[in-house]
Amino acid sequence: MKAEVMLIGAGDMAIEYTKVLSGMGVNYIIVGRGEQSAARCEELSGHSVYRGGIEKYLAEGKEIPEKAIVVVYPLSLKMVAEQLIHAGVKEILLEKPGGMDLAEITELSNLAKDKGVSVYVAYNRRFYASVAKAKELIEQDGGVSSFNFEFTEWSHRIEELPKPKGELEGWFMANSTHVVDLAFFLGGEPKEMSSYVCGSIPWYSKASAFAGSGITKEGAVFSYKANWKSAGRWSVEILTQEHKFLFEPMEQLRVQNRGEIKVEQLDIDDEIDIKYKAGLYKEVEAFLTGNTEMLPDIHEQKRNAIVYQLMETTGHKVF
C-alpha cells in the first residue's frame, strides 16, 4: 500500500506523531538517522524505521509521498525541508520554528513559493482544546480588547540540556515562540511595537530579560515580559469587555468575570488532548485534510519572524 505521509525524525516528538498517525489509521514511512533513536522509536511505536537519514533515503530512490512531517533538531529543519522540496514533496508540516532565524525562514519561504510547495509550521498550541474554547468565548464577547503574556525560560535548567551551542543561542526562536505565537494568534497581529532587552546568559548572548508593548491591527493593546535569570513561567492572558481568560498552564483555561475577584477553571472537552500530546491530533488532522486555516504557513512565519527579531532587541517598529 502506498504511504500517505513520510515522517522524518525518530526522536521523542516524532514518537508523539506516530501515536497520532497510527490512531488515525494513516499509512506512513518513518525516516530516522541514528540507530539508538530509531530502535527506541520502533520499540515504542511498533513501526519500522529507515536508518541513515533523509539524504540516504532520497539517494536510494525510495518512495516519496506527497506529504511529509519533519520532526528533526531545529538546526536541521530548513535543510531537511529544502531537500524534500527539491525531491518533489508537495506539502510539508515542519516542526516549529521552521528555521533558526529570519534569514533561514525567508530563504525557505522564497523556495516554497518558487516551487509551489505548501509548507506549514507546527505550532500545536493553536490546536489546544483550551484555545478552541477561548476563541469561541472571545467571539461571543465581541473580540479582544487587550492581552499580555510571559515567556520566562528556566535558564538554570536549559544550560544543563545536551543541546548544541547554535540551538541554545537560538532558544527564543526555537522555544519561546511557542508562547508568542499563541498570544498573537489569539490577540491579533502587531501593527506597532516597542521592545526592550537587557543582560545576557553564557549560552544566550542577546538578552536575559525582555519587555515590550504595542497595538494590534485590530486595535488591541498588548504587553509582554520575560526574565530568564529569575522566577516565572509561560502564561497568556486575553482580556475582552466581559472576561479575562488565563492560560497558565496553557492546556487549561481559567476565566475571571468583570466585576469579580474569583478565577474559575472552565470545563473543556480535552479528551483528545489527554489521549495524545496536546494539540497534536487536531494539528495533524488539519494538515492531512487540507483544512489549514489555523496552521501558519512559512510565509506567515516569515512575517512573524520579523516581530520575533525585534523582540530580541531594543527598538520600535511599525509593521
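Which residues in helix 4 meet which residues in helix 5? Lys78, Ala81, Glu82, Ile85 and His86 of helix 4 meet Glu104, Glu107, Leu108, Leu111, Ala112 and Lys115 of helix 5, where contact means heavy atoms within 4.5 Å. By class, the residues of this contact divide into five nonpolar, one polar and five charged; Ala, Val, Leu, Ile, Met, Phe, Trp, Tyr, Cys and Pro count as nonpolar, Asp, Glu, Lys and Arg as charged, and the others, Gly among them, as polar.

This is a predicted model, in which local features need pLDDT of at least 70 and side-chain atom pairs count only at pLDDT 80 or more, whereas totals for chains, interfaces and linings use all residues. Residues are numbered from 1 along each chain as its sequence is written, and side-chain values use heavy atoms, with hydrogens and water left out. Helices (H or I, at least four residues) and strands (E, at least two) are DSSP runs, numbered from the N terminus.

**Helix pairs**

Two helix pairs are set out below; axes are lines fitted to C-alpha atoms, for helices over the stretch in contact, and angles run from 0 to 180 degrees between N-to-C directions.

| Pair | Axes come within | Crossing angle |
|---|---|---|
| Helix 4 (residues 77-87) and helix 5 | 11 Å | roughly 10° |
| Helix 9 (residues 171-187) and helix 12 (residues 298-311) | 11 Å | roughly 115° |

The angle of roughly 10° makes helix 4 roughly parallel to helix 5, and that of roughly 115° makes helix 9 roughly perpendicular to helix 12; angles under 35 degrees count as roughly parallel, over 145 as roughly antiparallel, 65 to 115 as roughly perpendicular and the rest as oblique. Phe172, Met173, Thr177, Val180, Asp181 and Phe184 in helix 9 meet Asn304, Ala305, Val307, Tyr308 and Met311 in helix 12, a contact with eight nonpolar, two polar and one charged residues.

Ser109 belongs to helix 5 (residues 102-115). Ser109 counts as buried because its relative accessibility is 4%, buried being under 20% relative accessible area, exposed over 50% and partly exposed in between (1.4 Å probe, protein chains only). Apart from neighbours within four places in sequence, Ser109 is in contact with Ile298, His299 and Lys302.

Six strands in the order 3-2-1-4-5-6 form an open sheet with parallel pairing, two strands being paired if DSSP finds at least two bridges between them. Strand 3 (49-50) and strand 6 (118-122) are at the edges with a single partner strand each, so one side of each has no neighbour in the sheet. Strand 5 (residues 91-95) pairs with strand 6 in the parallel sense over five bridges, and Ile92 stands opposite Val119 in strand 6.

Nine strands form an open sheet with mixed pairing in the order 14-13-12-11-7-10-9-8-15. Within this topic, strand 7 (residues 146-151) and strand 11 (residues 234-239) run antiparallel and are joined by six bridges, with Phe147 opposite Ile238 in strand 11. Helix 12 packs on the sheet, touching strand 7, strand 8, strand 9, strand 10 and strand 15, and its direction makes about 30° with that of strand 8. Helix 9 lies across several strands, including strand 7, to which helix 9 runs at about 165°.

**Cis peptide bonds**

Most peptide bonds are trans. The bond from Lys96 to Pro97 is cis, with omega near 10°, and Pro97 is found in the loop between strand 5 and helix 5. Glu248 and Pro249 are likewise joined by a cis peptide bond, with omega about 5°; Pro249 is in the loop between strand 12 and strand 13 (254-257).
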